[in-house]
Every structure is written in C-alpha cells, then in structure tokens.
Amino acid sequence: MAKCFSFTMFRDKAYRQAFASAGLKSSTTDFGDGSTMHCWIPQNACESKPSLLLVHGFGANATWQWSEQLRPLLHANYNVYVPDLLFFGDSYTTRPERSVSFQAQCVMRLMESLGVERMSLIGVSYGGFVSYSLAAQFPAAVEKLVLCCAGVCLEGKDLEEGLFVVKDLDEAASILMPQTPDRLRQLMRLSFVRPARGVPSCFLADFIDVMCTEFVKEKRELIQSILKERSSTNLPKINQPTLIIWGEQDQIFPVELAYRLHRHLEGNSELVIIKNTGHAFNLEKPKEFCKHLKAFLVDQHLRSSKTD
C-alpha cells in the first residue's frame, strides 16, 4: 500500500514555511560549470546590516540544522544567509571535486553572486570544516568565525589510535548516512546526551527515505576527503577572531579536538565547552548556544564600536 503521509516531508515543509515567514526566500544559483547552489537569502537585505552565513553539517539540509537559531540571529540585526552545501538539499555538482576547499570555493562564489563581499560565519561540524577553509582561502571576506564541534585539527592517525568510536571510514559513513533505523538510532545515541527513546522504526525509516537516500555515494566521498592526507602540521592558521564551541560529551568529534584547535590558533580564539551536551548541542541547548553567539558576534561588536 502506498504511503499516504510522511511526517518528515510535513516537517520539512513546516521548516521551509518558517524560514519564509522569518523574512528569507529560496534562491538557486547556477554557476554554469555543472554546479548549482541553493540558499535561503534575505527577502530585503539591508546594506547597513552586517552579513552572517550559517553553514550546516552532515545531519540534514540547512532548514533542519538552523531552525532553532534563525530568528534569534535575525533579531541580532544581521542579513542572514543559509546555504545548502553541495549534495545537500537542492545543491549539487557534476564536477568530480569532493574536497572541503572546493565546497568553500563554491560557497564563496555563491556569496559573490549575491553581492556579499564580507561576512561572518557559523559552521557546525562538517560546515565548520568548510567555514575554516573559506576563512583561510578568502581572509579579506571573513570578519568573524564560529566553529561548532568541527574537528578541523584531526589527523589521519587519530582513527588508527582510537580517538573516535568508529574503527574506520566505512563505519563512519554508514553512521553519518544511515540507511536503516538501527543505524539512525546509533547516530542519535552518538549525537545526543539524552537521545529520544522509543521512536518507532516507521518514523525513522520515513526520515531516511526523505533525507538520507540522495547522493549517498557523493557524501561518502566527502567524508573520505576530510581525512585524506590530513595533519594539524599543514593546517593553515587563520587570523580572524574565532569562537570555538563544543559539547562536553561529543562522541563524533571528541572534545580533545576542541582544545587542540584552541592551541593551534595561538590566542586568537575563545573556547566554550557546553556541559551535559553532545555533538548536537545546538539542538540540545539552543538557548545557551544562542547566548554564546550573541556575546561573541553582537556584544563584542557593540563594545568595540563604543571604544572607537
């Protein structure tokens, strides 16, 4: 019997409507080289406001990742842009590149096409990798950077030495791109300190069918590219003021990577550890997350403006 109702599709539609009612509109940019990027952009951007770019992680597309933070950040007087990265949502490419640096270059091309020359970025998990790369490649375009549970300082040997709960990249890919309810439950256990319990398999299967079955091969290649020849010794340093936020009990990217990144930036970063949260602290404690974002992005800006 054909499925007549999808809770996931209903929720996805609700998120899209919430973004639209908050003052954003859906926009698609074709670069003309096989790459197309979708982004939620201001319906009426104000030239006097600074621009803020929200970069999602592997969990889902842009609307699912940022639904809790959108309105508080809009109220903080920003022009907010929320893109879907390549192979998520409505963004894709026929080109063979899968590197984080290529993702960052495409995001920069997108922002340039939208007339945004300077911005601050908030990147969650994989989105933090992309944001860091964008800040390193285009330093003049990035004012401030917030990196959330983004293990950019990981090294290839970390997997071999048991820093992560997975034993290899194949297992990591099977969890980050769950294709069965059991794998999705495992991802929830790794992402949350208090994951939802008793969720029926039919709901999980519906989520997988709607959100996790497209571009599986390409997303697997994105994961593989993260670790390829990765070492903190060749990770470029960035000069932009940076806030590092991490969940105390993160099992995807252990908190050791937060301290490693803080040391790598040599005094150019602030580090916040949110207690009793895991990898998905933006969903577990959204109000505390927004409080730290406001203190770094808004309050510091106001204080510096008064002293100028």
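Let's start at Gly 23. It sits just after helix α1, and its phi is positive, about 105 degrees. Keep in mind that this is a predicted model.

Now step back into α1 itself. The helix covers residues 7-21, which makes 15 residues.

Next, which residues of α1 are buried? Thr 8, Asp 12, Tyr 15 and Phe 19. Look down the helix axis. These buried residues fall within an arc of 60 degrees, so they line one face of α1. Now turn to the other side of α1. There, Phe 10, Lys 13 and Ser 21 are exposed.

What covers the buried residues? Several elements do, including strands β1 (24-30), β2 (35-42) and β4 (79-83). Helices α2 (62-66), α3 (70-75) and α9 (201-211) are also among them.

On to a helix pair. Two packed helices are described by the angle between their axes and the distance between the axes. Take α4, residues 100-113, and α5, residues 126-137. They pack at about 70 degrees, and their axes are 8 Å apart. An angle from 65 to 115 degrees counts as roughly perpendicular, so α4 is roughly perpendicular to α5.

Who makes the contact? From α4, we have Val 100, Ser 101, Gln 103, Ala 104, Gln 105, Val 107 and Met 108. From α5, we have Tyr 126, Phe 129, Val 130, Ser 133, Leu 134 and Gln 137. Sort the contact of α4 with α5 by class: eight residues are nonpolar, five are polar and none is charged.

How values were computed. Residues numbered from 1 in each chain as written. Predicted model: local features only at pLDDT ≥ 70, side-chain atom pairs only at ≥ 80, totals over all residues. Heavy atoms only, no water. Helix = DSSP H or I, 4+ residues; strand = E, 2+ residues; numbered from the N terminus. Expected span 1.5 Å × (residues − 1). Buried < 20%, exposed > 50% of the residue type's maximum accessible area, 1.4 Å probe, protein only. Arc of directions from axis to C-beta. Contact = heavy atoms within 4.5 Å. Axes fitted to C-alpha atoms, helices over the stretch in contact; angles between N-to-C directions. Parallel < 35°, antiparallel > 145°, perpendicular 65-115°, else oblique. Nonpolar A, V, L, I, M, F, W, Y, C, P; charged D, E, K, R; others polar.
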